[in-house]
Structures are given as C-alpha cells and as structure tokens.
Amino acid sequence: MEAATVPRSAAGCRAAPLLPAARAAARHLALPRRAFCASVAAAPAPRSLLAARRAADGDSVETAPEAVPIEKRFPPFPSVMDINQIREILPHRFPFLLVDRVIEYKAGEYAVGIKNVTINDNFFPGHFPERPIMPGVLMVEAMAQVGGLVMLQPEVGGSRDNFFFAGIDKVRFRKPVIAGDTLIMRMTLTKYQKRFGLAKMEGKAYVGGDLVCEGEFLLVSATE
C-alpha cells in the first residue's frame, strides 16, 4: 500500500482536501489552514528515518561511516623518515631506539615522530607485570630522540658523535601510555646557541589527541 502524500506547494495544499492525518496535525498545532499549508511547502522533502538520522549527525547518506568497514576508515601515518633513515641519523639501537617513524619534519625547527607501543617492548615484563604501562622516563627519552632528529641534521650542524641529552625541566605526565597505544611526539626548537652548542626544545606527546606528556628539553653539543 502506498503512503498518502501532502501536496508540496502551498497553493496545492490549500486547493486540495486535507487528509485526516494532516487535519489532525493542523488541529494539534493550532494552525489555520493557510499557515499549515505554508509550513508544509517550506518543509524538506520526505526522507527515510535512517537518512534523516545520518543527516542530523552530519553524514551524507552515500558516505555514512557504517558503509565503510572500520579497518578501512583510518589512513596510515605519513612517512617523512622511515626506520632505516632514522637509524642513519640516531646512534641508538635495540632495545633503546624509541622512534619508529617521523611523520612531519621542518629542518632546524621541529619534528613529529611516533612510537608504536606494543606488549613486546622489553620494559613491560617489569613495568608492570599485571598492568603494562610505558615508563615515564622512556617517554622522555623517546621525545629527546625526536629532538635529536632535529638537532643532528646538517642544516643545524649537529653530529651524532657529540650531541647529548643534557637536561629536562617542567616535565608533566598527564595520562598513562599502555600497550597498544601510538605515542605521537612533537619536538620544537625554541632556542639555539650555536656558539655554546646549547639547544632548548619544547616537547609534547599525545595518544589519540590527548596530551600525555610535556616538558622542556636541553641538548648540548659536547666537544673534546
């Protein structure tokens, strides 16, 4: 059985007899026929309940998220530096290389790196056996390594043989980082005294958009 429809123009609505449901709606809204017909003409065309709900959520019917499998909804991180390029710059090796990829980089200014935290990381058996949490000191070390990727570049004049992590200040741990998280770290050079080989950096680390760690870092170029 086809559903009854209401004329879509105000003139058509006034000329045609109102269906019982329309008359009941007009009485319920306490509207005269002319005002009721004007509201009908201004209303959007009828849609399915599902389409209406999607539109209310800001999704088009064609590209609603549920139409795409969850495993296809998340694009991969970009790769400005892969692990092989990172190994060419940083002197660290297993088990202490804590940067897997650089996803954004501007020479002499900042770098954004990621660390994929997995249950296979060698610190989890002891920290803690029943609740795997990445140690805060290793988060700081991972961030310092991202800072090293900024400072050990030819544009800055650094060398992997003599640049060291020299100090931290105002470090705060906001949330625990657990196995399965992806730690996204941004290190920004805020001050560089080339004469003394001192670099001051600001660091922030995130998981899923939430700030988990932040602080100020000092790196130094040590000469023999």
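Reader: Which residues are linked in a network of salt bridges?

Author: The network links Lys170, Lys200 and Glu216 through salt bridges, a salt bridge being a side-chain nitrogen of Lys or Arg within 4 Å of a carboxyl oxygen of Asp or Glu. This is a predicted model, in which local features need pLDDT of at least 70 and side-chain atom pairs count only at pLDDT 80 or more, while totals for chains, interfaces and linings use all residues. Residues are numbered from 1 along each chain as its sequence is written, and side-chain values use heavy atoms, with hydrogens and water left out.

Reader: What makes the contact of Lys200 and Glu216 a salt bridge?

Author: The computed N to O distance between the side chains of Lys200 and Glu216 is 3.7 Å, and because the cut-off asks for a Lys or Arg nitrogen within 4 Å of an Asp or Glu carboxyl oxygen, the pair qualifies as a salt bridge. The bridge links distant parts of the chain, with Lys200 in strand 5 (residues 198–207) and Glu216 in strand 6, 16 residues apart; strands (E, at least two residues) and helices (H or I, at least four) are DSSP runs, numbered from the N terminus.

Reader: Why do Lys200 and Glu216 count as partly exposed?

Author: Buried means under 20% relative accessible area and exposed means over 50%, with partly exposed in between (1.4 Å probe, protein chains only). Lys200, at 38%, therefore counts as partly exposed, and Glu216, at 24%, is also placed in the partly exposed class.

Reader: What makes Asp210 and Lys175 a salt bridge, and which parts does the pair tie together?

Author: Their side chains meet at 3.3 Å, N to O, and are recorded as a salt bridge. Asp210 lies in strand 6 (residues 210–221) and Lys175 in the loop between strand 3 (163–173) and strand 4 (182–193), so the pair ties together parts that are 35 residues apart in sequence. Asp210 is partly exposed at a relative accessible area of 37%, and Lys175 is likewise partly exposed at 43%.

Reader: How many salt bridges does the structure hold?

Author: The structure holds eight, one of which joins the side chains of Lys106 and Glu109 at 3.8 Å, N to O. Lys106 is partly exposed with a relative accessible area of 41%, and Glu109 counts as partly exposed at 37%.

Reader: How many aromatic pairs are there, and why is the pair of Phe123 and Phe124 called edge-to-face?

Author: Rings of Phe, Tyr and Trp (its six-membered ring) pair if their centres lie within 6.5 Å, and planes under 30 degrees apart count as stacked, over 60 as edge-to-face and the rest as tilted. The count comes to two aromatic pairs. Phe123 and Phe124 have ring centres 4.7 Å apart and planes at 65 degrees, so this pair is edge-to-face; both residues are buried.

Reader: Why is the pair of Phe165 and Phe217 called stacked?

Author: The ring centres of Phe165 and Phe217 are 5.8 Å apart and their planes stand at 25 degrees, so the pair is stacked. Phe165 lies in strand 3 and Phe217 in strand 6, so the pair ties together parts that are 52 residues apart in sequence. Phe165, at 34% relative accessibility, counts as partly exposed, whereas Phe217, at 2%, counts as buried.
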